[in-house]
Amino acid sequence: MEFLESKYYLLDNAFNLSEYADSKKALSDWKKTNKKKRVVEENLETIMHLYFSELTGIKNPIYISRATFVRGGGEDIRAVDQFKRIHSIEIKNKKLTIKCFEQLMRYMQDKNYVDADKYIKNRLKENNDLSVEDLVLLFAGVITNKRIDNIGIGVINNALKKNIAGIKEVVGFEKIGRSRYTKLGSKKKALLAKILLNNDLEYERIKAIANFWYNKFNEPKSTEYKYAAVKKGVFWLIGSEVDKKVQKVQDEILRLRGTGEDFRIILIDMRYTQKGKSWILKVEYENFTEREQIENDLLNNAESITKGEVAPTITLNFYEHNSASTVNKNGGKNLKEPFAFIKVGKKTERFPRKK
C-alpha cells in the first residue's frame with residue numbers, strides 16, 4: 001500500500017482546524033515535536049469526531065457518533081454517508097498492528113450491517129445523547145491531554161478536599177462514594193471539567209465552544225440518501241503508522257478488498273506544539289485519489305444520474321476482485337479507473353461510461 005506525501009493541519013485551542021498553507025512552516029513546526037508530545041488516543045478520537053468529513057474526505061455524512069458517553073464500547077466512531085453506507089472507524093494513536101485489524105474485523109461481523117435500514121433507524125438519534133457537558137469534558141481532555149475515563153471518585157474527592165473551583169458548595173458533601181458519584185450525572189461531568197481546567201474563565205470559554213459544536217451536531221440533517229450501496233460497510237483503521245514488520249495486515253486488507261469489502265487506512269499523528277494551546281496533525285492518505293474523486297462525482301451529479309429516482313441501488317467498484325478463499329497479494333489492488341453500476345428503473349448503467 002502506498003501513501004501520498006504528508007499533509008499537515010493546525011488545531012488551535014478554539015478547536016479550529018486548518019491545513020498549513022506553507023509546507024516549510026509545517027515541516028519546521030513538526031520537527032519541533034516528538035513522540036512524547038503525541039496526544040492520548042481518546043483526544044485524537046475527539047478531533048476525528050469533530051472533523052470526520054474534513055479528515056476522511058466523506059462529504060456531508062448523515063450522522064456521526066462516537067463510543068465515549070454515547071455507546072460505551074465498540075468502534076471509536078460510526079458514521080452514515082449519502083451512499084447509505086455505515087462507516088466503522090477504529091483509531092489508535094500508535095502503530096497499526098495485526099491486533100488492530102482483528103479488532104476491526106470483529107466489528108465487521110456486527111449484525112447491524114446486514115440490515116442498514118434497521119441500523120440507521122436505531123442509530124440516527126445517538127448524537128442527541130451527546131450533551132454540552134459531554135463535549136465540555138471531552139474538550140477539557142484535549143486541552144490537558146488527559147484521558148477523561150481515568151478521572152473519577154478519587155480525583156473529585158481530592159478536589160473536594162482542596163475545594164478546587166468551589167466544587168464543595170456544588171456537590172454539597174465533604175466526600176463522595178460510588179453511590180453519590182453515579183448520581184452526579186451531568187453535574188459530575190461539569191465538575192470533572194472544572195477540575196481539569198482549574199480555571200473558571202477557561203471553563204466558560206470551553207463551554208461556549210461546546211455549545212457551538214452541540215448545536216452543529218444537532219442541526220437538522222436530510223435523511224434522503226443519494227444512493228443505496230449494495231455493500232453497506234466501510235471499515236477504517238487510523239493510526240500514526242503501519243507496523244512495517246507485520247506485512248500480514250496489508251495482505252489481509254488487500255485480500256478482503258479483493259472479495260468486495262471496503263477497508264481503508266489513514267495515518268494520523270497528532271501532537272501538541274504548545275500544551276493546551278495548539279496541536280499539529282500529520283496526515284498521510286493512501287495513494288488512491290480516484291476513489292474519492294468518483295464518490296464526489298457521483299454525489300455532485302446525482303440528480304442527472306438517478307433521473308429523480310430516490311436512492312437507487314449502486315455497486316461501487318474500487319478494487320481488483322479475487323476469490324474469497326484466495327490469499328493473493330495481487331488481489332484487492334486499487335483500480336486505476338474505479339467505476340459504479342447504478343440500477344435506475346429497470347436499467348443498470350455504468351458510471352462513468354466507458355470511453
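The side chains of Lys92 and Glu90 join in a salt bridge, with 3.3 Å from N to O, where a salt bridge is a side-chain nitrogen of Lys or Arg within 4 Å of a carboxyl oxygen of Asp or Glu. Lys92 and Glu90 are both buried, a term that stands for under 20% relative accessible area (1.4 Å probe, protein chains only).

The model is predicted, so that local features need pLDDT of at least 70 and side-chain atom pairs count only at pLDDT 80 or more, while totals for chains, interfaces and linings use all residues. Residues are numbered from 1 along each chain as its sequence is written, and side-chain values use heavy atoms, with hydrogens and water left out.

In total, 20 salt bridges are found in the structure, including these pairs:

| Pair | N to O distance | Burial |
|---|---|---|
| Lys92 and Glu90 | 3.3 Å | both buried |
| Arg66 and Glu45 | 3.1 Å | both buried |
| Glu286 and Arg291 | 3.9 Å | both buried |

Arg66 forms its salt bridge with Glu45; because Arg66 belongs to strand β3 (residues 63–66) and Glu45 to helix α2 (residues 41–50), the pair ties together parts that are 21 residues apart in sequence. Helices (H or I, at least four residues) and strands (E, at least two) are DSSP runs, numbered from the N terminus. A network of salt bridges links Asp81, Arg85, Asp262, Arg264 and Glu295.

As for confidence, pLDDT (the predictor's confidence in each residue, from 0 to 100) has a mean of 85 over the chain, with 89% of residues reaching 70 or more.

Technical notes:
Buried < 20%, exposed > 50% of the residue type's maximum accessible area, 1.4 Å probe, protein only.
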